Amino acid sequence: HSSNRLEPTTTIVTSSMMMRIATGLVLALVALESARAFALTSSSRVYPPTTTIRLATSPPFPFLVASSPNNPKSRVVLQESAAAAAAEEVPQEDGEGESAATGGGTATISDEVFNLVKGIVGAGVLTLPSGIAAFGNAPSAAVPAIFLITIIGLLSAYGFGLIGRCCALTKTTSYRNAWGASISPKSDWIPAWSVTLKTVFATLAYSMILKDTFASLLLAAGYNVSKTIVLLGITGTILLPLCLLKDLSSLAPFSLLGSLGMIYTAIAMFIRYMDKSYGIGGRFATDLPAALQPAFGSVGAAGAFTASSSILVGMLSTAYMAHFNAPKFYTELKNNTIPRYLTVVNTSFAASISIFATMASLGFLTFGASSSGLILNNYSPKDKLMGLSKIAVALSLVFSYPLAFVGARDGLLDLLKIKNRTNSFLNSLTVGILGTITAAALVIPDVSFVLAFAGSTLGNALIYVFPALMFRAAINKLPKATKLQKFEVKAALTSAALGIGFGVMGVVK
């Protein structure tokens, strides 16, 4: 596996430095939280015995609890934060001290956690084992992979939290409007185009995954049909009619199938890893072509310090991509104070990190260097346990496809300022865009490339760069920004620089 060879020393140093900076930044944010805790608990101000102060701060760190020396019953609860003085970002209320709610949302925290995890954990998680295989072929390669999954997940959670806080600061309800209010309305087309193009890449990835999945299902049923015919058939008979629907509300319940499918897939992958069905002498070991059979070598954790690890970094940027919906989650949350919003963010990303680490490790530890760009391709067509997983994922993508497609189509119409949207025009545009996406899906051979490229460019901008720039501009507009707030601006900009570095690594590779 040629991609597993160690690169020259200069490349190793560069990759190592990027990982060290990422780790250092997370530790710096933890230190910032500790400094804030000390500043608040050492304050001479005396609070009423029953007062609970909840300060709006940032993810993804655990609660810090301290008792007031003036009254043991009083307590100061610092909500998870790397953020300095976020309590000053929005008006404070008497008594509770929480940031004032600004919307009329009705969603509970549990509702939002479920929906956010469902939005983060999509089909992209099925490509992560190939990202590990890009730099290693020994089981120990899973260790630095889990480290990268965790670090990038924490930084992604921080960016998601920043976007909601920017909406609170600027009193806006969308990514584009938050940019316009904090930076400049003249350049609000930048995040708008980024979100739209990211959605286009998502539909392209959906088409490629559907092509592989349905071809595998047909082969299991005894029909050896080319992937080209499969995708053209699916697009013409299923996807096009769904994308032409004028009301997609009836498709929303089917999105639950995606979450259930991923849970089932993770369990099935664990069973197959434990029973060694694909190992030497396993019952499915000889059902696969040589390129998909398990293959292990000697390049383990050390492979993470080569340029090839940038492929996994690019994939992870896409894997956590839900940030264009951050304003929606903040606005629709019932009693949307910043602490409640950050509870949603912290819980959701913690669950997503665990799912990513589990599924990526199980896939790689089962197939090693042969892990396919879509790990489901590695499992035998005769494997009924995994066959059910393929069916669940396929159905989930079919019903999720029009939701993503219409978002991309309408985004293009908004950006191009096309207001004459007759049914005939929308139908013609739908056919044209869907045809272009389908043609690209037939030409591009590997879905992991699409996800890595989109993540290294658009994903890094939406997750790291744009939130940091908006937060910096919003803080600069405060009448009196605290020292800790100013320090956090530097931390946010460091996160943005790190995201740019990850993006460059992914695009160059």
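Q: Let's begin with the packing. Which residues touch the most other members of the largest nonpolar core?
A: Keep in mind that this is a predicted model. Its largest nonpolar core has 120 residues, and the ones touching the most other members are Leu 126, Phe 160, Tyr 320, Tyr 341 and Phe 356. As for where the core comes from, α4 supplies the largest share, with 17 residues.

Q: Take Phe 356. What is it in contact with, leaving aside its neighbours within four places in sequence?
A: Phe 356 contacts Ile 120, Val 121, Val 125, Leu 128, Ile 149, Ala 319 and Tyr 320. Tyr 320 is also one of the residues that touch the most other core members.

Q: Now a helix. How do I read α13, and what span does it reach?
A: Start with its length against the expected value. Helix α13 covers residues 423-443, 21 residues in total, and reaches 30 Å from first C-alpha to last, close to the 30 Å expected at 1.5 Å a residue.

Q: Which residues of α13 are buried?
A: Here's the general idea: an α-helix has 3.6 residues a turn, so residues three or four places apart point the same way. In this helix, the buried residues are Leu 426, Thr 430, Ile 433, Leu 434, Ile 437, Thr 438 and Ala 441. Look down the axis of α13 and they fall within an arc of 135 degrees, so they line one face of the helix.

Q: And what covers those buried residues of α13?
A: The cover includes α6 (189-220), α7 (227-243) and α12 (384-415). On the face turned away from the buried side, α13 carries the exposed residues Ser 424, Ser 428, Thr 436 and Val 443.

Q: On to backbone angles. Which value of phi does Lys 171 have?
A: Most residues other than glycine have a negative phi. Lys 171 has a positive one, near 60 degrees. You'll find Lys 171 in the loop between α4 (142-170) and α5 (175-182), and at 51% relative accessibility it counts as exposed, the cut-off being over 50%.

Q: What about Lys 276: which phi does it have?
A: Lys 276 isn't a glycine either, and its phi is positive at about 55 degrees. This lysine, Lys 276, is in the loop between α8 (255-275) and α9 (309-319). Its relative accessibility is 47%, so Lys 276 counts as partly exposed.

Key
Residues numbered from 1 in each chain as written. Predicted model: local features only at pLDDT ≥ 70, side-chain atom pairs only at ≥ 80, totals over all residues. Heavy atoms only, no water. Helix = DSSP H or I, 4+ residues; strand = E, 2+ residues; numbered from the N terminus. Buried < 20%, exposed > 50% of the residue type's maximum accessible area, 1.4 Å probe, protein only. Core = buried A, V, L, I, M, F, W, Y, C linked by side-chain atoms within 4.5 Å. Contact = heavy atoms within 4.5 Å. Expected span 1.5 Å × (residues − 1). Arc of directions from axis to C-beta.
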